[in-house]
Amino acid sequence: MVTPKDDLLRIETHRSGIFKFQAGINSLTLQPLLDRIEDAHRRFSSMPILPDVAIKLEREILVDSVYGTNTIENGGLTEEETAAVLDAPPEKAKEESALRVVNIRKAYDIAEGYGEYWRANIKSKNHPHLILEEEIFTDLHEKITQGLRHADNIPGRYRDNPKDRRTQVGNAAHGGIYTPPKCLDDIQMLMATFVKWANTAPIYNLSPLLRAPLIHYYFERIHPFWDGNGRVGRVIEAMILKAAGYKYVPFALSRHYLEHIDQYFSLFNQARKAEEKGKDNPNQEFVAFFLEGTLTVFNQLHDRINEILGYLLYKSRLRDLYELKAINNRQYHIINNLLQVGTTLTLTDMQSQLWYNSLYEKLTAKTRARDMKGLLEQQLIRYVGDGEDRKILLPIINIMA
């Protein structure tokens, strides 16, 4: 039995008791945060992003996002290993740890495809936001878990727990253990009702910045699959934002969740317990956490674009000076090697490097000093500190080659 009331949809399941879907937020108190995000979005969207900058930024976000969402679920690969898998042909992924990464990338492609189809064929004044369908969830789950070993999981298929088995989510450190619905009849009923609720006017007409975390939250509450629920939920959240026109930020949020993983998990349970106690606006803190993360990511990406642009301009100036013979071959190679290091070195550290010694193998200390003086005069480097232990800095923040 389903009983709707404004943004509340209450359903009595066969075996899992009563389940409620509701906005559960005070949108007025969240409005200042929404306004700040929209302002950050406008500033971010107005930035002239050069093709080289866009390519570098998109790759960084992809690696960060896949690494973030995979590591939350104990993915097992480092960020560098994740990048290597993403750079390789998908068919090279033989180990399960690599296949997890490839599967997430494929799920991202499906999400992008849904968004593009929506914008091209359905989006209108009457339907300004993404309409959710149950098939989206099962398609994403099929891609995310395809080929992965699990005793029970079938890609694209809902759970049906045996009578003597419960699915448990969470732990005591993050606010407690939650037991989601376990029988297939209840899961099917809840998923159908969930999708219907997500498309009802009170929820559909919310800002996508409010609707996306609510969809994420209630999907995790149902927890319909044996494996991959977290990855599916985060992709769905990103897809809603992407379809609404937010670039870069939606998938970048996965890394933010990883960096604040204790709060991320705890707030799921906090919202659930607040609802059980009948508190007003039980989902407020979880949605606020999402909004604060979104604003943080916008600001981080804004800064990162400036950094990448600064790096590319620095590289361009370096080439110009070299071609104009304002710096010599040794100076050119010093800067390129410092760029690859990506961190500060002391003068002593640099002079101990094999590449540096090969440049000056038959040259005097006076020549070495003259070359460094020239780099200082061209403002390609600067020093911090004194003597041989002074640090060599390049005039770029967080250089990444």
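Colleague: Which residue lies over the face of Tyr 383?

Modeller: Arg 390 does, at 4.3 Å from the ring centre. A charge counts as sitting over a ring if NZ of Lys or CZ of Arg is within 6 Å of the ring centre and within 35 degrees of the ring normal. Lys 56 has its charged end over Tyr 311 too, 5.9 Å from the ring's centre. Bear in mind that this is a predicted model: local features need pLDDT of at least 70, side-chain atom pairs count only at pLDDT 80 or more, and totals for chains, interfaces and linings use all residues. Residues are numbered from 1 along each chain as its sequence is written, and side-chain values use heavy atoms, with hydrogens and water left out.

Colleague: How many salt bridges are there?

Modeller: A salt bridge is a side-chain nitrogen of Lys or Arg within 4 Å of a carboxyl oxygen of Asp or Glu. By that rule you get 17. Take Glu 73 and Arg 234, with N to O at 2.9 Å.

Colleague: Is Arg 234 buried or exposed?

Modeller: Buried means under 20% relative accessible area, exposed over 50%, and partly exposed in between (1.4 Å probe, protein chains only). Arg 234 is buried at 3%, while Glu 73 is partly exposed at 27%.

Colleague: Which residues are joined into one salt-bridge network?

Modeller: Asp 64, Glu 79, Arg 255 and Glu 259, through bridges that share partners. Separately, Arg 330 and Asp 371 meet at 2.7 Å, N to O. Arg 330 is partly exposed at 22%, whereas Asp 371 is buried at 2%.
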